Amino acid sequence: MGEQIKEKEAIGARYIKDFEIGDLVSWCRLACPIGSKEYGYIIQIYNDSVARGRSFTFAKVRKTNGSIENFMLAEIKKES
């Protein structure tokens with residue numbers, strides 16, 4: 001799925017310098033109560049074309065419950 005980081009014009013590519021594989025990250029769903037963050041760690045950073053050939057930069061994150069979810073880099077916050 002997707003290709004490893006190559007395209008500098010990918011949307012969200014400017015966040016690549018802020019994240020590394022293994023980083024602990026957090027995120028909050030829309031309208032979530034204050035203090036109800038979810039956590040996980042990055043297992044892959046990649047670019048993928050979504051709509052009309054536009055490329056976005058994503059992080060594949062293993063959540064604390066063991067499941068894996070993909071996030072755009074702009075959606076997550078580095079905790080460590």
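Reader: Before I look at any residue, what does buried mean here?
Author: Buried means under 20% relative accessible area, exposed means over 50%, and partly exposed is in between, with a 1.4 Å probe and protein chains only.

Reader: And what kind of model is this?
Author: This is a predicted model, where local features need pLDDT of at least 70, side-chain atom pairs count only at pLDDT 80 or more, and totals for chains, interfaces and linings use all residues. Residues are numbered from 1 along each chain as its sequence is written, and side-chain values use heavy atoms, with hydrogens and water left out.

Reader: OK, Lys63. Buried or exposed?
Author: Lys63 is buried, with a relative accessible area of 14%. Lys63 is found in strand 4. Strands (E, at least two residues) and helices (H or I, at least four) are DSSP runs, numbered from the N terminus.

Reader: What is Lys63 in contact with?
Author: Leaving aside neighbours within four places in sequence, Lys63 is in contact with Trp27, Arg29, Glu38, Tyr39, Gly40 and Glu69. Contact means heavy atoms within 4.5 Å. The C-alpha atoms of Lys63 and Tyr41 are separated by 6.7 Å, and these residues are 22 apart along the chain.

Reader: Which residues form salt bridges with Lys63?
Author: Glu38 does, at 3.8 Å from N to O. That pair links distant parts of the chain, with Glu38 in strand 3 and Lys63 in strand 4 (residues 55–63), 25 residues apart. Glu69 also forms a salt bridge with Lys63, at 3.1 Å. A salt bridge is a side-chain nitrogen of Lys or Arg within 4 Å of a carboxyl oxygen of Asp or Glu.

Reader: How accessible are Glu38 and Glu69?
Author: Glu38 is partly exposed at 29%. Glu69 is partly exposed too, at 22%. Salt bridges that share partners join Glu38, Lys63 and Glu69 into one network.

Reader: How many salt bridges does the count come to?
Author: The count comes to 5 salt bridges. One of them joins Lys37 and Glu79, with the closest N and O atoms 3.3 Å apart. Lys37 lies in the loop between strand 2 (24–27) and strand 3 (38–49), and Glu79 in the segment after strand 6 (77–78), so this pair ties together parts 42 residues apart in sequence. Lys37 is partly exposed at 38%, and Glu79 is partly exposed at 32%.

Reader: New topic. How do strand 3 and strand 4 pair?
Author: They pair in the antiparallel sense over 9 bridges. Two strands pair if DSSP finds at least two bridges between them. Asn47 has Thr57 in strand 4 as its bridge partner. The two strands form a hairpin with 5 residues between them, and Arg52 in the turn has a positive phi of about 50°.

Reader: And strand 2 with strand 3? How many bridges?
Author: Strand 2 and strand 3 pair over 4 bridges, also in the antiparallel sense. Ser26 stands opposite Tyr39 in strand 3.

Reader: Last one. Which residues of the largest nonpolar core touch the most other members?
Author: Phe19, Val25, Ile42, Val61, Leu73 and Ile76 do, out of 13 residues in that core. Strand 2, strand 3 and strand 4 each supply at least two of the core residues. A nonpolar core is a set of buried Ala, Val, Leu, Ile, Met, Phe, Trp, Tyr and Cys residues joined through side-chain atoms within 4.5 Å.

Reader: What does Val25 touch?
Author: Not counting residues up to four places away in sequence, Val25 touches residues including Phe19, Ile42, Val61 and Ile76. Glu38 and Glu79 are also among the residues that Val25 touches.
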